[in-house]
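Subject: Handover of a structure and notes on it

Dear colleague,

Please find below the structure that I am passing on to you. My notes follow it and are meant for a first reading.

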Amino acid sequence: MGTKLLVTDLVAKKAANEKITMLTAYDASFATMLDQAGVDILLVGDSLGMVLLGYESTVPVTMAEMLHHARAVRRGVKRAVLVGDMPFLSYQVDVVSAIRNAGRFMKEAGCDAVKLEGGLEVCDTVRALVRAGIPVMGHIGLTPQTAGQLGGFKVQGNDLASARKLLEAARALALAGAWAVVLECVPDELARVITAKIAIPTIGIGAGPGCDGQVLVTHDLVGLFEKFVPRFVKQYANLAPRIREAVAGFVAEVHSGAFPDAAHSFPARPDLRELLHDKDA
Ligand code: KIV
């Protein structure tokens, strides 16, 4: 569907006042559906640690896990820009290992860009990645990898000092060369102001309608992640009960013998049937 989008096409959308859509994808089958539905950016988010792998947070997620899923997503994408999410400690230790790890997303998984969390403290790294030819998306506000330091999973930038800090971080990321920035869990008016004051697209999650684009975790959007549903999530479908119902139907029909019936079996040819029942065979 459509020609392959480039990072520059998405930056141009901000100038054209066109909204950008971004969703998480962790495997080829979801990636294919989301791509066909017209999503602009597929993010192989480190949220896969909680959504798919059953971790309590995104902190334990490794580069190996991220690359495994990013490669699978790549196989399902034709149009969308593919962004690999750099996991905790894959970019914070030093700039050289950040370039090496970001480069793996590009070279080994075919990503178009990487995303990393943080404000002023990651700007040197962002600059180095961009200089190395790697497009970078920033992520500020509620940053799940360091949520403990932020007082847990709660709205950020609620007072003037922290709101100013977020605006400063967004400006610094743009200046460092980031091509977009995710704003997570910030008051809607702050997101609107940041969006107006920087030239790169803002992609909001729990940041209100004033952003240049919106991102959600796909499993939240379709009702497949049931542990908790954040306030900012709108469920467009509720698939988990439907899957349970389908699977319960399978279990019941196998037990009763109703499945598989003739329509779902391969009838033996009459000659084979005869031979199979020939007592002398
Ligand atoms: O890991 C993720 O899914 C994310 C999005 C929620 C922005 O970072």
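Which residue in β7 does L183 stand opposite? L183 faces G204 in β7. The chain then passes from β6 through α8 to β7, and this β-α-β crossover is right-handed; right-handed here means that, with the strands pointing away from the viewer, the path from the first strand over the helix to the second runs clockwise.

Some conventions come before the remaining findings. The model is predicted, so local features need pLDDT of at least 70 and side-chain atom pairs count only at pLDDT 80 or more, while totals for chains, interfaces and linings use all residues. Residues are numbered from 1 along each chain as its sequence is written, and side-chain values use heavy atoms, with hydrogens and water left out.

**Overall view**

The protein chain contains eleven helices and eight strands; these are DSSP runs numbered from the N terminus, with helices (H or I) of at least four residues and strands (E) of at least two. Its C-alpha atoms fill a box of roughly 90 × 35 × 35 Å along the principal axes. Of the 281 residues in the protein chain, 47% are buried. Buried means under 20% relative accessible area, exposed means over 50%, and partly exposed lies in between (1.4 Å probe, protein chains only). Among contacts (heavy atoms within 4.5 Å) between residues at least 6 apart in sequence, 59% join residues at least 24 apart.

Strand β4 (residues 113-115) pairs with β5 in the parallel sense over two bridges; strands count as paired if DSSP finds at least two bridges between them. The bridge partner of V114 in β5 is V136. Between these strands the chain crosses from β4 through α6 to β5, and this β-α-β crossover is right-handed.

β5 is mostly covered, with six of its six residues buried. V136, G138 and I140 point one way from β5, whereas M137, H139 and G141 point the other way. β5 also pairs with β6, in the parallel sense and over five bridges, and here H139 stands opposite V182 in β6.

β6 is largely enclosed by the rest of the structure, because five of its five residues are buried. A180, V182 and E184 point one way from β6, and V181 and L183 point the other way. Four bridges join β6 to strand β7 (residues 202-205), and the two run parallel.

T202 lies in strand β7 and is buried, with a relative accessible area of 0%. Apart from neighbours within four places in sequence, the residues in contact with T202 include V181 and L183, as well as I194, T195, C211, D212 and G213.

**Helix α7**

β5, α7 and β6 make a right-handed β-α-β unit. Helix α7 (residues 160-176) has 17 residues and reaches 24 Å from its first C-alpha to its last, close to the 24 Å expected at 1.5 Å a residue; the expected span is 1.5 Å times one less than the number of residues. At the N-terminal end D159 caps α7, with a side-chain oxygen 3.2 Å from the backbone nitrogen of A161. Just after α7, G177 takes a positive phi of about 115°.

The buried residues of α7 are A163, L166, L167, A169, A170, A172, L173 and A176. Their cover includes α6 (123-131), β5 (136-141), β6 (180-184) and α8 (188-197).

**The ligand**

Which residues surround the ligand? They are T24, L43, G45, D46, S47, D85, K115, H139, I205 and V217, where a residue is near a molecule if one of its heavy atoms lies within 4 Å of it.

- A polar side-chain atom of S47 lies 2.6 Å from an oxygen atom of the ligand.
- For D85, a side-chain N or O atom is 3.1 Å from a ligand oxygen atom.
- For K115, the corresponding distance to an oxygen atom of the ligand is 3.0 Å.

**Two further residues**

S90 is found in the loop between β3 (81-85) and α5 (95-107). S90 is buried, with a relative accessible area of 4%, and its side chain reaches the backbone oxygen of P87 at 2.6 Å.

E253, in helix α10 (residues 239-256), counts as partly exposed because its relative accessibility is 39%.

With kind regards

Conventions
A polar contact is a pair of N or O atoms within 3.5 Å; within protein, one must be able to donate a hydrogen and the other to accept it, and residues adjacent in sequence count only if both atoms are side-chain atoms.
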